[in-house]
Amino acid sequence: MSRSDPREAQVRQLLEGPYPAVPPDLAAGAAARGDRLLRRRRAVRRTGWALLWAAVVAFVVWASLTGAWSTPSSEVSPPW
């Protein structure tokens, strides 16, 4: 057999040894943090959609007021 690796021995000792105590409020804290993250993502998403809709409305109003797609009048000719 080959010699045992000291790192392997350390890993085996960690796996066999006593496990560290888990804080009693760990699950509640994780749930609260997840809830905050979800609320923040939802708020960012709603703000993004609101800004997109505001930009679309502003563009439509601008385009309808300026006649962006109408052809220019033929009364004006280039200078020669």
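The dialogue below treats this predicted model one feature at a time.

Q: In which helix does Glu8 lie?
A: A helix is named by its order and its range of residues; here Glu8 belongs to helix H1, residues 6-16.

Q: Is Glu8 buried, partly exposed or exposed?
A: One compares the relative accessibility with two limits: under 20% is buried and over 50% is exposed. Glu8 has 39% relative accessibility, so this residue counts as partly exposed.

Q: With which side chain does the side chain of Glu8 make a polar contact?
A: The partner is the side chain of Arg12, at 2.9 Å.

Q: How many aromatic pairs does a search of the whole structure find?
A: The search finds one. The pair is formed by the rings of Phe59 and Trp62, whose centres are 5.7 Å apart; their planes meet at 35°, so the pair is tilted. Phe59 and Trp62 stand three residues apart in helix H2, which means a separation of about one helical turn.

Q: Which residues make the nonpolar surface patch of about 960 Å²?
A: Phe59 and Trp62 are among them, together with Trp49, Leu52, Trp53, Val56, Val60 and Trp69. Trp49 is placed in helix H2, residues 26-66. Phe59 is partly exposed at 42% relative accessibility, and Trp62 is partly exposed at 46%.

Note on methods: Residues are numbered from 1 along each chain as its sequence is written. This is a predicted model: local features need pLDDT of at least 70, side-chain atom pairs count only at pLDDT 80 or more; totals for chains, interfaces and linings use all residues. Side-chain values use heavy atoms; hydrogens and water are left out. Helices (H or I, at least four residues) and strands (E, at least two) are DSSP runs, numbered from the N terminus. Buried means under 20% relative accessible area, exposed over 50%, partly exposed in between (1.4 Å probe, protein chains only). A polar contact is a pair of N or O atoms within 3.5 Å; within protein, one must be able to donate a hydrogen and the other to accept it, and residues adjacent in sequence count only if both atoms are side-chain atoms. Patches are made of residues with over 30% relative accessible area and no salt bridge: like charges are joined within 9 Å, nonpolar side chains (Val, Leu, Ile, Met, Phe, Trp, Tyr) within 5 Å. Accessible areas come from the Shrake-Rupley method with a 1.4 Å probe; for residues, only the protein chains shown count as cover. A salt bridge is a side-chain nitrogen of Lys or Arg within 4 Å of a carboxyl oxygen of Asp or Glu. Rings of Phe, Tyr and Trp (its six-membered ring) pair if their centres lie within 6.5 Å; planes under 30 degrees apart count as stacked, over 60 as edge-to-face and the rest as tilted.
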